[in-house]
Amino acid sequence: MGSRRQLLRSISSALALFGIGPARAATPDGAVPGVANRQALGKVIGTLRDIPLRGVQRVDAAEKDGWWAREGTGRLWHVTSNGGAQRVADGLAPTGALATGHGRVAGRGIDGRLWVHDTTRPTAPPTRSEVTLAPQGGLCVLPLAIIAVVEQAGSHVLARFEADPRRGLWQVVARSRDPVLPDAVPVAVDLDGRHGSAHIAVLAGPDAKRYPHAVLGDDIEATRVLWLERHSLLPLRSLHLDGPAVFEDRLLRPWALPDGRNGLVTMQSGPLGAQLVVVAASPNETSRLEIAAAGPAIGTRNRWLSPASVAPEDGEIWAVHTPHIGGVLHRYRAEGSALVAERTATGLTNHRLGARDLDISARVGPWLLLPTQDWRRAGALDTRTGSFLDATPDGAPILQYVASAKRDSAILLTESRVAIWSP
């Protein structure tokens, strides 16, 4: 009898995700039903201010204040929280990776080479490299170097670029010996406190046969996590997944575990679909990483989830399960080695099927901004109360949210215009 009741409840939940049957049946455990409907998004929160820019393809957070906006022509603009926009440089690829830090903005130029703007010398032209970058790879800016993905002998590795003032170029001074994902995003993090500073974590061990899903644009998925010494790019620690599991992700998100260790949030996928996991340094083996915490698997192969808010010191993780099918927002909390998931709302999304962009949603103070499932409106979740309000009163279709260092967010709309949302 119990299994029959559970089956009927699952069927009702699936139907309600598509607006069939009672909405409350789809959202047990206190979830907010049908966020995308007019009733749930009737009240508007915050203000929306247009920026006088058009033709914008991507928006990224600036290091201290505001955002970097890229036009399709390759022009880079600095947008400030007060609504100003200043043209900075040209020649930058309009989409793809952009990284900031230590007074620099680094990206891939239109010609494929490393492109670096020095924010302390705003009128100086960008500096470049001779080596080209992988088209979809990410970047990490360090105090004296830039880490990027490059092609090498038919595979992809990480490269450390350092500036050569005599030639005015960025030169490769080290490469990783192990292949990484062609679209990997390296991140600087201190995982064990034993090596003096932050080093480079990256998804590696690319495999195109284990898990043919292509939710992120191709079937190449990671089977390893590497933590590499930032100068030599030699391994300090690593984790290898046995088949058929993969890491169905591009990046690793720093997050503090309750036991005090620095962890990395990512998605592991396999026969039961995706599950949220946290990778951390093994306390017993000095060269090993381990899965220190894991959430429940979705339960069905080729069903994915996408983190919506992972802040290093926040005790909660927010993620959208099946963002392409119904979009169920969950809040995760760590309890020992388990990540306990709580359903909070349906009808949301933060990813387009086949896209590599994983920065669609934004956290602004207590507010979590996400598009509705049809991408027509912005929902603003109050993480303190669980209530949902409307963040876009004109109903303009959404492409991307990007929070700034202050308490506001840039919103890139489908007509390539930028607006600033403030609560």
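Trainee: Which residue forms a salt bridge with E290, and how far apart are the closest N and O atoms?

Mentor: First, the ground rules. This is a predicted model: local features need pLDDT of at least 70, side-chain atom pairs count only at pLDDT 80 or more, and totals for chains, interfaces and linings use all residues. Residues are numbered from 1 along each chain as its sequence is written, and side-chain values use heavy atoms, with hydrogens and water left out. Now the term: a salt bridge is a side-chain nitrogen of Lys or Arg within 4 Å of a carboxyl oxygen of Asp or Glu. E290 pairs with R288, and the closest N and O atoms are 3.8 Å apart.

Trainee: Are E290 and R288 buried or exposed, or in between?

Mentor: Buried means under 20% relative accessible area, exposed means over 50%, and partly exposed lies in between (1.4 Å probe, protein chains only). E290 has 18%, so E290 is buried. R288 has 33%, so R288 is partly exposed.

Trainee: How many salt bridges does a search of the whole structure find?

Mentor: The search finds 31. Take R58 and D359: their closest N and O atoms are 2.7 Å apart. R58 lies in strand β2 (residues 56-61) and D359 in the loop between β26 (338-345) and β27, so this pair ties together parts that are 301 residues apart in sequence. For those labels, helices (H or I, at least four residues) and strands (E, at least two) are DSSP runs, numbered from the N terminus.

Trainee: What is the accessibility of R58 and of D359?

Mentor: R58 is buried at 7%. D359 is partly exposed at 29%.

Trainee: Which residue forms a salt bridge with R356?

Mentor: D218 does, with the closest N and O atoms 2.6 Å apart. R356 sits in the loop between β26 and β27, D218 in the loop between β15 (199-204) and β16 (224-228); the two are 138 residues apart. D218 is buried, with a relative accessible area of 18%.

Trainee: Now sheets. In what order do the four strands of the open sheet run?

Mentor: Two strands pair if DSSP finds at least two bridges between them. Here the order is β1-β33-β32-β31, with antiparallel pairing. β1 (47-50) and β31 (398-403) each have a single partner strand, so one side of each is left without a neighbour in the sheet.

Trainee: By how many degrees are neighbouring strands turned against each other?

Mentor: Axes are lines fitted to C-alpha atoms, for helices over the stretch in contact, and angles run from 0 to 180 degrees between N-to-C directions. In this sheet the average is 25 degrees, direction ignored.

Trainee: How many bridges pair β1 with β33?

Mentor: Four, in the antiparallel sense; β33 covers residues 418-422. T47 has S422 as its bridge partner in β33.

Trainee: Which strands pair with β13?

Mentor: Among them are β9 and β12. Strand β9 (residues 127-132) runs parallel to β13 (residues 169-175), joined by two bridges. There, R128 partners L169. Strand β12 (residues 155-164) is antiparallel to β13, over six bridges. E162 stands opposite Q171. β12 and β13 form a hairpin with four residues between them, and G168 in the turn has a positive phi of about 70 degrees.

Trainee: Last one. Where is Q268 found, and what is in contact with Q268?

Mentor: Q268 is in strand β20 (residues 262-270). Q268 is buried at 14%. Contact means heavy atoms within 4.5 Å. Beyond neighbours within four places in sequence, the contacts of Q268 include L241, F247, Q275 and I291.
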